[in-house]
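Hi,

Here is the structure I promised to pass on.

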Amino acid sequence: MYTLTDEMPVDWLPNEWLRAGRRHRKAAVTATSGLLYAAGWSVGHVSGLETVSAAVLVLAAVVGGYDIAKQGYYELRNRTLGIKMLVTLAAVGAVAIGEYWEAAAVVFLFSLGSYLEGRTMRKTRSALQELLELTPDTALVRRDGEVVEVPAREVEEGEVVVVKPGGEIPVDGVVVDGESAVNQAPITGESAPVHKTDGDEVYAATVNQEGALDVRTTGAGSDTTLQRIVRRVEEAQEAKSPTESLVDRFATYYTPAVVVLAVGAFAVTRDAILGLTLLVIGCPGALVIGPPVSVVSAVGNAARNGVLVKGGEHLETAGAIDLVAFDKTGTLTKGETTVTGVEGFGAGVDADEVLRLAAVAEKKSEHHLGGAIVAAARERREHPGKSGTSDVATDGGTVAVASEADGSRSIPDPDEFDVLAGKGVVARLDGREIVVGNRALLDDRGIAVPGPVAAHVRERETRGETAVHVALDGEVVGVVALRDEIREAAPGVVAALHEMGVRTVMLTGDNERTARAVAEEVGIDDYHAGLLPEDKQAAVEAFREEYTVAMVGDGINDAPSLATADVGIAMGAAGTDTAIETADVALMADDLERIPYAIGLSRATRWNVAENVAVAVLTVVLLLAGVLGSVVHLAGGMLVHEGSVLLVILNGMRLLRY
Amino acid sequence: MTETTQLRVMDFDCPTCASTVERAIGSTEGVADVEVHYTTGRVEVTYDERVTGPAAFEQAIENHGYTPQRA
């Protein structure tokens, strides 16, 4: 135990006490005031000692009212006539006319109400802060051949951090050594761990579950993905939703109206208490608190489930969505295109040669189909026995291209090369022309497509594959078929949306037959095929005439369509700031199942806001009528008023557990 | 020199009270800009550090019956 004579700094002790006292002051004051109130009331009722009872009740009002009066005074100094001043006046007025019971009751009820309101709101506010607390305070860093422990926010960019199995990752970075499963739930909301190895990105606050990892830091302290997300979420919570703005605008007229009503009532009846009662219960408490609490809770809930909603506005719009348009590639499908078959049709040109020719032509192309063809050609060269499917992607959704240096030698560069957007490529090698593309490209160049080739292409396309023609010197020599696997979750998600009464549409640049096959497999209502990016935007625009439209995409290639939709939803946004920037709702993971969740949450929020507004309006109307009809008095009015405020807060908080 | 600081008030109990605190801090000498958010409890103040400082903002918050925390 320390005493004041110990060598401790003398001001340490009182300060600490002061702070502790301040923290619990509201609770202590409320409790004391309540006990005195109960005591005063019982003394009056049981023993009939009027004077003692009155003294205890006044004491209750003073104990509970001192802080309220002080805060009311500061409100006045700011030229605001706030509820605290009104309560003070009401209590003083009640004492003045000998209504001690009313005075004590109104002070105690107000004090209890605001204590509970502050406490519950603290819970809502800290829902996000808990996320931030998941980031460890310290990091193990390799410096000068040693591993040293330093505060996590002091780790420099480029430094290598050691993360032990079972430990939280303290920084954003790239794995440079080791292999492990990482639980990314704090960022993406997905509890299934993600496999991480050399070159993969990891995020601060995620949990390394298996092996040790060496991570080269790309961001630390306040410059991490989690910090950025939390900042975004806070901005979203602070932005006013349309309902909030409406209510605020209403309140600016409503409050003066109540004051006029109160003054008028006083002028007519000469009853000061009636006037004050009107002022106190007429405060639009539940009305202005309801909508923001619903929005804050819903946005917080979404954030913890890996869904970043960029404001109450989008939440309210998302609750009205009745059509969801999906981009196909990378959204309904995994975005990992692989070659599934190669067929030779020309004389003396076998499948291997077709693939090699296609790879030469596509080598310089940046199209994802081209990447898959080149990868498959390299694979075949290295493992001639295998069927020709390439490696699948690891994490980012791009096709893994192995051994760049070796591959370059086996597939020569084209001498000339030209991309025709939406159609294919035309290349030249050793004086020969290679055309790789769709039927439109061949028609453009006057290359005839023989019957058997057309039949083969049709057959591939009805299986949901994309077939690419390969022509050499004006003659079709073969067909390469490619496939982008459909996400396992896609059919279930589409069904869930239908269950919610939402129409689903797929937009794709693919041809009609491939699109139909994918649409059928996923169970989607409708599809639009052969679209260029600007066509997709126009399609979304057209849907909007009849529906409230959400567009789901990767947020980068389809940014214009996302911006055009009522609600733009970007998938897999954790690592890409552009996607978060363009979208109204960003899904941190590539997880389609968050879409029905997000729409459901938005609908629940709309309902919740409506319930809160209804409760608030109903309460005020009933109270005003009750007071004017002399049925409700000061204390009773305060009880109902505070009760309604608590009710809307608790109702809003239900969304935290949606 | 102009500085920006952030404080947290977790126990705001009504939106109007947050705006009152905003006005109180805003009328402090040396404060250029202040935002007080009821929903998140975030208080952000831009001020001239030669004239005023976080202690003054904390005092203003306490005067209105709330508990400031350094963020």
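Buried residues make up 52% of the 658 residues in chain A, where buried means under 20% relative accessible area, exposed means over 50%, and partly exposed is in between (1.4 Å probe, protein chains only). Before you read on: this is a predicted model, so local features need pLDDT of at least 70 and side-chain atom pairs count only at pLDDT 80 or more, while totals for chains, interfaces and linings use all residues. Residues are numbered from 1 along each chain as its sequence is written, chains are lettered from A and ligands numbered from 1 in the order in which they are written, and side-chain values use heavy atoms, with hydrogens and water left out.

On the overall build, chain A has 23 helices and 22 strands; these are DSSP runs numbered from the N terminus, with helices (H or I) of at least four residues and strands (E) of at least two. Its radius of gyration is 34 Å, well over the 26 Å that the globule rule gives for 658 residues, so chain A is more spread out than a compact globule. (That radius is taken over C-alpha atoms, and the rule is 2.2 Å times the number of residues to the power 0.38.) The C-alpha trace of chain A spans about 115 × 70 × 40 Å along its principal axes. Taking contacts in chain A (heavy atoms within 4.5 Å) between residues at least 6 apart in sequence, 65% join residues at least 24 apart.

Now the interface. On chain A, 26 residues are in contact with 25 residues of chain B. The two chains bury about 2,400 Å² between them, 49% of it on carbon and sulfur atoms; buried area is the accessible area (1.4 Å probe) that two parts lose on being put together, summed over both. A:Asn78, A:Arg125 and A:Glu238 supply 28% of the area that chain A buries against chain B, more than any other three residues.

There are 3 salt bridges between chain A and chain B, each a side-chain nitrogen of Lys or Arg within 4 Å of a carboxyl oxygen of Asp or Glu. One of them joins the side chains of A:Glu234 and B:Arg42 (3.8 Å, N to O). Helices H1 (12-47), H2 (50-77), H4 (100-132), H6 (225-238) and H9 (285-304) of chain A each supply at least two residues of the side that touches chain B. The largest share of that side, 8 residues, comes from H4(A).

A few single residues are worth a click. A:Ser297 is in helix H9 of chain A and is buried, with a relative accessible area of 0%. Leaving out residues up to four places away in sequence, A:Ser297 touches A:Thr124, A:Gly652, A:Met653, A:Leu655 and A:Leu656.

A:Val207, in strand E8 (residues 207-208) of chain A, is partly exposed at 23% relative accessible area. A:Val207 and A:Glu238 are 31 residues apart in sequence and 30 Å apart in space, C-alpha to C-alpha.

Finally, two aspartates in loops. A:Asp430 has a positive phi of about 50° although it is not a glycine; this residue is in the loop between strands E14 (424-429) and E15 (432-437) of chain A, and counts as exposed at 64% relative accessibility. A:Asp473 has a phi near 50°, lies in the loop between strands E16 (466-472) and E17 (475-486) of chain A, and is partly exposed at 41% relative accessible area.

Cheers
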